[in-house]
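This report walks through one model, from overall confidence down to single residues. Keep the structure open while reading.

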Amino acid sequence: MTIDWGWFPDHQSTLVTLTLDHLSTAVPAVLLGLLIALPLAVIAHRVRPLRGLLLGVSNVLFTIPSIAIFVLLLPVTGLTRTTAITGLTIYTLVVLLRNTVEGLDSVPTKVREASTAMGARPLRTLLTVELPLAFPVIMAGVRVATVMAISLVSVASYIGYGGLGQLFTDGFQRNYPTPVVAGVILSLLLALVADAVLVTIQWLCTPWLRRRA
């Protein structure tokens with residue numbers, strides 16, 4: 001396999017555009033997934049009969065192949081970025097929901113009881129006690145979901161919104177490995193940078209863990 005390294009500087013603007021396009025699909029999917037997962041996780045945590053149902057549904061959705069998800073969404077959302085983001089959001093839910101539930105479960109019962117004894121209402125206890133203490137576990141899920149979303153965006157090239165996945169399609173169609181290698185390298189770099197950013201955010205948002213260390 002011969003790589004044409006001169007291809008990279010000649011297509012620099014295209015690579016930047018596709019990288020930004022990749023991010024504009026992956027990031028909203030993770031944020032939307034987190035927005036949906038948080039209230040569902042609270043319900044699953046507090047209403048035990050619904051816990052198995054919610055987690056079970058998310059697991060079933062995760063077993064559907066990504067390309068099938070996009071195909072099923074096409075009649076509803078069409079060949080749009082909405083289809084790509086919606087499909088990826090469904091995949092992030094299983095990780096985000098499970099980790100958020102586990103994070104809330106990890107909060108000691110005595111801590112909740114102490115907050116209630118001090119007169120805090122359930123919503124305040126959730127926002128000021130439970131979620132902050134569950135934050136490291138939740139962020140672990142966000143990191144996994146983000147890396148997963150970045151890797152799955154390429155599949156959305158089937159509907160024209162695959163970001164760096166378009167390099168894979170172009171390379172395979174022309175039997176030209178250079179764009180494929182470029183797509184792989186940039187996807188890996190995106191995942192590494194995104195994970196580093198999330199680790200930094202977690203570090204900044206958990207000063208009590210830094211003091212403990």
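## Confidence

Helix H10, residues 207-212, has the lowest mean pLDDT among the elements of the chain, at 68. H2 has the highest, at 93. These values belong to a predicted model. Over the chain, the mean pLDDT is 87. A value of 70 or more is reached by 97% of the residues.

## Overall build

The chain has ten helices and zero strands. Read from the N terminus, the order of elements is α-α-α-α-α-α-α-α-α-α. The C-alpha trace spans about 65 × 45 × 25 Å along its principal axes.

Of the 213 residues in the chain, 41% are buried. Take the contacts between residues at least 6 apart in sequence: 75% of them join residues at least 24 apart.

## The nonpolar core

In soluble globular proteins, nonpolar side chains tend to be buried together. Here, the largest nonpolar core holds 46 residues. Leu15, Val142 and Leu167 have the most contacts inside this core. Two or more residues come from each of helix H1 (7-10), H2, helix H4 (66-77), helix H5 (81-105), H7 and H9. H5 gives the most, with eleven residues.

What does Leu15 touch, leaving aside its neighbours within four places in sequence? Leu15 is in contact with Trp7 and Phe8 on one side of the list, and with Leu164, Leu167, Ala182 and Leu186 on the other. One of these partners, Leu167, is itself among the residues with the most contacts inside the core.

## The largest pocket

A probe the size of a water molecule, rolled over the atoms, shows where empty space is left. The largest pocket has a volume of about 210 Å³. Its lining counts 13 residues. Nearest the centre of the pocket lie Val27, Val30, Leu31, Thr146 and Leu198.

The largest share comes from H2, with six residues. What is the class make-up of the lining? Twelve of the lining residues are nonpolar, one is polar and none is charged.

Ala41 lies in helix H2. Is Ala41 buried or exposed? Ala41 is buried, because its relative accessible area is 0%, below the 20% cut-off. Its contacts, neighbours within four places in sequence aside, are Leu97, Thr100, Val101 and Leu104. Ala41 and Gly103 are 62 residues apart along the chain, and their C-alpha atoms are separated by 9.4 Å.

Thr125 sits in helix H7. Thr125 counts as buried because its relative accessibility is 4%, where buried means under 20%. With neighbours within four places in sequence set aside, Thr125 is in contact with Ser115, Ala120 and Glu130.

Asp195 is part of helix H9. Asp195 has a relative accessible area of 21%, so it is partly exposed. The C-alpha atoms of Asp195 and Arg81 are separated by 24 Å, and the two residues are 114 apart along the chain.

Ile64 is in the loop between helix H3 (48-63) and H4. Ile64 counts as partly exposed, because its relative accessibility is 24%. Not counting residues up to four places away in sequence, Ile64 touches Ile69 and Tyr91. Ile64 and Ala140 are 76 residues apart in sequence, with a C-alpha to C-alpha distance of 23 Å.

Where is Asn175 placed? Asn175 is in the loop between helix H8 (165-174) and H9. Asn175 counts as exposed because its relative accessibility is 71%, where exposed means over 50%.

Most residues other than glycine have a negative phi. Asn175 is not a glycine, yet its phi is positive, about 55°.

Note on methods
Residues numbered from 1 in each chain as written. Predicted model: local features only at pLDDT ≥ 70, side-chain atom pairs only at ≥ 80, totals over all residues. Heavy atoms only, no water. 1 Å grid on protein atoms, 1.4 Å probe; cavity = no way out; pocket = protein on both sides within 12 Å on 5 of 7 lines; lining within 4 Å. Points joined across faces, edges and corners; volume = space filled by probe spheres on them. Helix = DSSP H or I, 4+ residues; strand = E, 2+ residues; numbered from the N terminus. Nonpolar A, V, L, I, M, F, W, Y, C, P; charged D, E, K, R; others polar. Core = buried A, V, L, I, M, F, W, Y, C linked by side-chain atoms within 4.5 Å. Buried < 20%, exposed > 50% of the residue type's maximum accessible area, 1.4 Å probe, protein only. Contact = heavy atoms within 4.5 Å. pLDDT = per-residue confidence, 0-100.
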